[in-house]
Amino acid sequence: MTNDKTAGQDMSEKPLDSQTVFKGKLLHVKSDRVRLMNGHESTREYIVHPGASMIIAQPDETTITLIRQYRYPLDRHFIEVPAGKIDPGEDPLDTAKRELFEECGYSASEWRHLTTLHPGIGYSNERIELYLARGITQAERKLDEDEFLEVMHVPVAEAMMWIRDGRITEAKAVMALLWAEKLLRKEW
């Protein structure tokens with residue numbers, strides 16, 4: 001039970017004005033003026049994102065497919081799960097299938113939507129659709145011209161240790177591996 005005076009109240013902010021601050025190939029930054037529930041005005045700066053699909057790809061029940069790639073903003077390699085941006089008008093499942101094929105050269109006979117994640121609610125409207133892919137078969141991968149990555153198959157238990165040890169720090173990978181571990185233990 002809460003004693004908070006806002007409990008149960010609509011705290012929505014009403015947009016008054018919206019401006020594009022920057023629009024690039026990936027990022028669209030906006031600055032909106034809003035009316036708060038107390039009648040005051042404030043500014044909200046945020047990134048408009050098209051959304052993404054992320055895949056827990058399991059060659060077998062105890063193993064997950066991870067990728068290692070260099071990320072320029074932090075000047076280092078990261079271990080991640082296959083994922084990619086949703087193209088305009090594209091179904092998120094189609095994005096997941098495309099990304100698994102392009103990045104890893106895999107297709108899957110079984111697909112299941114697990115959840116929707118919101119990784120940056122304070123500064124972005126990004127949503128990530130998380131899928132489980134099983135029944136993996138390999139073909140030739142089709143990386144983008146400017147994409148370089150290593151595909152790895154790692155036991156889920158070992159990948160969880162990599163989180164604890166700080167080898168995996170990328171937030172989407174951490175979220176996906178927590179899901180994978182729960183699925184492996186048949187807790188979810």
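Trp-188 is exposed at 52% relative accessible area, where exposed means over 50%, buried under 20% and partly exposed in between (1.4 Å probe, protein chains only). Trp-179 is buried, at 17%. This is a predicted model, in which local features need pLDDT of at least 70 and side-chain atom pairs count only at pLDDT 80 or more, while totals for chains, interfaces and linings use all residues. Residues are numbered from 1 along each chain as its sequence is written, and side-chain values use heavy atoms, with hydrogens and water left out.

**Aromatic rings**

Rings of Phe, Tyr and Trp (its six-membered ring) pair if their centres lie within 6.5 Å; planes under 30 degrees apart count as stacked, over 60 as edge-to-face and the rest as tilted. The count by this rule is two aromatic pairs.

| Pair | Centre to centre | Angle between planes | Class |
|---|---|---|---|
| Trp-111 and Tyr-131 | 6.4 Å | 75° | edge-to-face |
| Trp-179 and Trp-188 | 4.5 Å | 65° | edge-to-face |

Trp-111 lies in strand S8 (residues 106-117) and Tyr-131 in strand S9 (residues 128-138), so that this pair links distant parts of the chain, 20 residues apart. Helices (H or I, at least four residues) and strands (E, at least two) are DSSP runs, numbered from the N terminus. Tyr-131 is buried, with 7% relative accessibility.

Two arginines have their charged ends over rings: Arg-76 over Phe-78, 4.1 Å from the ring centre, and Arg-167 over Trp-162, at 3.8 Å. The criterion is NZ of Lys or CZ of Arg within 6 Å of the ring centre and within 35 degrees of the ring normal.

**Sheet**

Three strands form an open sheet in the order S6-S5-S10, with antiparallel pairing. Two strands pair if DSSP finds at least two bridges between them. Strand S6 (76-80) and strand S10 (150-155) are the edge strands. Strand S5 (residues 63-71) pairs with S10 over six bridges; Thr-63 has Pro-155 in S10 as its bridge partner.

**Nonpolar cores**

A nonpolar core is a set of buried Ala, Val, Leu, Ile, Met, Phe, Trp, Tyr and Cys residues joined through side-chain atoms within 4.5 Å. The largest has 26 residues, and those touching the most other members are Met-54, Ile-56, Ile-64, Leu-66, Leu-130 and Ile-168. Helix H3 (171-184) is one of the elements that supply at least two residues of this core, and H3 gives the most, with six. Another core, of 12 residues, lies apart from it and includes Leu-100, Tyr-106, Ala-108 and Leu-149.
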